[in-house]
Amino acid sequence: MSETTSSNEENKLLNGRRAIPPNYCNDEENEVPEMEAFGLIPRGFNPRDYLRVVDIYMFKEPHEINKQEHHTDKYYNPKLIVRRGQAFQIQIDFNRPYKPESDQFWLEFLMGRYPQQNKGTYIPILVGNVLKPGQWGAKIIHRENNSIRLSIMSSVTCIIGKFRLYVAVLTPFGILRTRRNSATDTYILFNPWCQLDAVYLDDEKEREEYVLNDVGIVFHGNVEDVKSRSWSYGQFEENVLDACLFLMDKAELELSGRGNPVKICRVASAVINSRDDNGVIAGSWTNTYDYGVAPSAWTGSVDILLEYYSSKQPVRYGQCWVFAGVFNTFLRCLGIPARLITNYSSAHDNNANLRMDFFLDDEGKVDTKLTKDSVWNYHCWNEAWMTRPDLPVGFGGWQVVDGTPQETSDGMYRCGPASVQAIKHGHVCFQFDAPFVYAEVNSDIFYTRMEKNGTQVVENIDTTRIGQLIVTKKVGSDEMMDITEEYKFREGSDEERLALETAVMYGVKKQSIQDTTYQPQTDVDMDFQAQKAVLGNDFKVTITFRNKSRNSYTATTYFSGNIVFYTGVTKSEFKKQSFNAKLEPSSSSSFDVVIKSSEYMNDLLEQASFHFFVTARINETGRILAVQKAIMLEIPTLRIKTKGELVAGKETSVVVEFTNPLKQTLENVVLRLEGPGLLRTIKKQFGRIPMNSTLTWEIKFTPMRPGLRKLIASLNSDALRHVYGELNVQIQKP
């Protein structure tokens with residue numbers, strides 16, 4: 001009876017569909033017998049009479065050959081970490097000298113609960129005389145007394161993750177195995193240094209940046225006012241590698257699929273956000289961050305990944321650069337070259353039709369009820385480097401992957417990998433999600449007026465604003481690198497038109513201008529400029545008309561100032577003004593509008609971002625001019641300085657200072673400070689900072705490693721966010 005019950009339970013687990021349950025947990029283990037008998041064992045058999053393994057030495061210290069040659073010496077992890085498709089060494093000590101003519105042993109690498117050879121989760125390796133590039137094998141390179149040293153080659157398509165190692169010895173009556181020993185566990189990662197690996201990158205400087213650099217730059221702000229801040233990726237910090245492997249378990253990616261960077265990126269783009277799978281980060285764009293951390297307060301990925309790894313619950317809260325920062329850590333940690341991208345004026349359009357509609361009412365003011373599309377001041381995503389054997393030749397290289405939940409793809413919130421090359425040439429038929437990314441960088445903005453009878457009149461089309469600047473950090477420096485040309489041809493060129501026609505042919509919807517009534521305004525231009533605006537101060541904006549005709553005109557002008565989220569969504573209108581402008585023939589005239597700090601300070605959102613709409617109706621002709629502009633206020637920064645000399649292993653201190661520039665007291669102030677390889681994140685709460693007063697915070701710490709490092713700090717409070725500071729420090733050798 002009990003046998004039937006247990007088999008019933010197992011059948012429930014298998015649903016009658018599978019011979020063994022799905023294998024998607026790297027950490028689970030099976031029992032491996034130390035003695036696997038071939039039949040009945042004779043009474044006199046003593047395992048000690050045969051070759052026996054006494055010890056296995058893995059050469060796993062950071063200064064030893066394996067971690068040095070495999071570029072894994074920076075990982076704070078005591079176990080062996082190697083990259084696939086490249087030889088590594090281990091030493092086996094036996095109880096007596098090894099005799100090749102009579103002794104036979106082999107190695108076994110196992111992963112997961114149900115290891116199978118055809119799935120790549122059980123790998124037996126016999127010792128041979130020659131190692132073939134990119135294939136599993138082992139050969140003896142040194143013999144001395146009872147010890148042998150082996151060189152082991154892993155397959156170039158090997159699964160990424162943590163393997164258990166056993167040494168098996170053949171005896172006449174059965175197989176003797178070493179006991180389970182977690183000290184010999186071996187992590188195998190992607191190998192951008194190996195020509196046969198799908199993630200091979202041929203430039204050493206780029207490998208140092210896109211795989212080994214543990215600090216990066218996030219570009220934010222807007223296209224007229226690019227701002228930057230540092231982000232600590234921390235892919236080598238303690239437990240981060242295990243946390244990244246856990247993400248693949250969480251995404252239920254079969255172990256056998258984990259050698260494929262395309263699959264890994266696809267599932268990771270879903271598990272980085274918490275929508276529909278309880279993934280790593282819960283997004284919030286509301287400006288209220290109860291029971292969590294404001295997105296602007298994070299200084300890096302490590303805290304987020306480790307909190308998720310221990311709690312298994314989504315970490316609150318993130319916005320696009322947080323999703324992208326954590327995704328970048330995940331990719332670099334596993335050995336996939338990756339970089340963080342910022343697209344300025346990014347179209348968030350719900351149906352990939354390359355058209356963003358801004359509706360105007362009779363007077364030319366924007367109708368917020370009808371306008372559903374939004375232009376993000378900027379949007380961050382990632383690029384990961386890999387071959388695309390699933391696409392035609394030529395579409396490998398950088399692939400867009402995006403962990404920010406925007407639209408569903410195959411039923412889940414995820415995006416990519418989409419080939420950048422395919423997006424540039426309009427080949428959006430190639431998986432995954434290329435039409436969505438194409439629309440993010442190529443849409444046009446239509447200003448459409450609704451007539452009383454329901455007809456739509458297009459007053460203006462802006463073809464250049466969306467995706468006009470796409471940037472990433474330069475290799476080897478903190479400068480900005482403009483990569484717009486990698487995503488699109490020059491505006492107005494023949495190639496651009498051809499790419500657009502290709503995209504439309506492959507199903508991107510584009511309404512032709514013939515479908516709508518549109519006559520562009522030619523004889524009057526309107527432009528809009530803003531003075532440099534500092535948080536808490538008044539500033540001035542100037543509207544300029546240029547009348548190119550020989551007629552006199554009057555223009556009824558509406559000016560609307562809005563406080564917006566960086567996603568372009570309006571929170572509130574804080575300034576409304578209208579005036580009549582007299583436009584003389586063949587001349588320019590300018591009009592100033594003063595913005596007072598008292599008008600905007602109460603409603604200000606954390607990125608201190610404004611959006612101005614100016615519309616003007618030429619009374620004589622009835623034509624409407626429209627222009628919009630986003631403006632960022634200058635936010636004060638934190639000052640960081642070190643005291644005393646900076647030597648590895650010696651205590652020193654760092655001071656963070658901040659002066660409150662606002663005409664109000666800052667409440668609930670929290671400071672964070674971190675530096676990968678220097679100190680783990682430290683948080684401190686300060687109750688309040690009165691206006692014009694200075695806060696000083698001194699922290700003692702002991703830097704562990706010599707070299708150039710970076711300290712990153714952030715300040716967060718109820719009235720003021722997005723306050724950062726950073727400092728490059730050179731740590732001397734002791």
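Leaving out residues up to four places away in sequence, Cys320 touches Trp285, Trp376, Tyr378, His379, Cys380, Thr404 and Tyr566. Keep in mind that this is a predicted model.

So what does the record say about this residue? An unreviewed UniProt entry lists Cys320, His379 and Asp402 under "active site". These three span 83 residues in sequence, yet no two of their C-alpha atoms are more than 9.9 Å apart, so they gather at one spot.

Two members of the trio can be set side by side:

| Residue | Element | Relative accessible area |
|---|---|---|
| Cys320 | helix H7 | 0% |
| Asp402 | strand S19 (residues 397-402) | 1% |

Is Asp402 buried or exposed? With a relative accessible area of 1%, Asp402 counts as buried, because the cut-off for buried is under 20%. Cys320, at 0%, is buried too.

Now look at who sits around Asp402. Not counting residues up to four places away in sequence, Asp402 touches Ser269, Phe327, His379, Cys380, Trp381, Arg414, Cys415 and Glu440. With His379 there is also a polar contact, side chain to side chain, at 2.8 Å. His379 is on the contact list of Cys320 as well.

Back to the helix that holds Cys320. How far apart are the end C-alpha atoms of H7? They are 22 Å apart, and at 1.5 Å a residue the 15 residues of H7 should span 21 Å, which agrees. H7 is mostly covered, with 15 of its 15 residues buried.

As a general point, nonpolar side chains in soluble globular proteins tend to be buried together.

Setting aside its neighbours within four places in sequence, Leu241 is in contact with Tyr75, Asn77, Ile81, Tyr187, Leu189, Cys333 and Leu334.

Technical notes
Residues are numbered from 1 along each chain as its sequence is written. This is a predicted model: local features need pLDDT of at least 70, side-chain atom pairs count only at pLDDT 80 or more; totals for chains, interfaces and linings use all residues. Side-chain values use heavy atoms; hydrogens and water are left out. Contact means heavy atoms within 4.5 Å. UniProt positions are given in the numbering used here, feature names are shortened, and annotations may be inferred rather than shown by experiment. Helices (H or I, at least four residues) and strands (E, at least two) are DSSP runs, numbered from the N terminus. Buried means under 20% relative accessible area, exposed over 50%, partly exposed in between (1.4 Å probe, protein chains only). A polar contact is a pair of N or O atoms within 3.5 Å; within protein, one must be able to donate a hydrogen and the other to accept it, and residues adjacent in sequence count only if both atoms are side-chain atoms. The expected span of a helix is 1.5 Å times one less than its number of residues.
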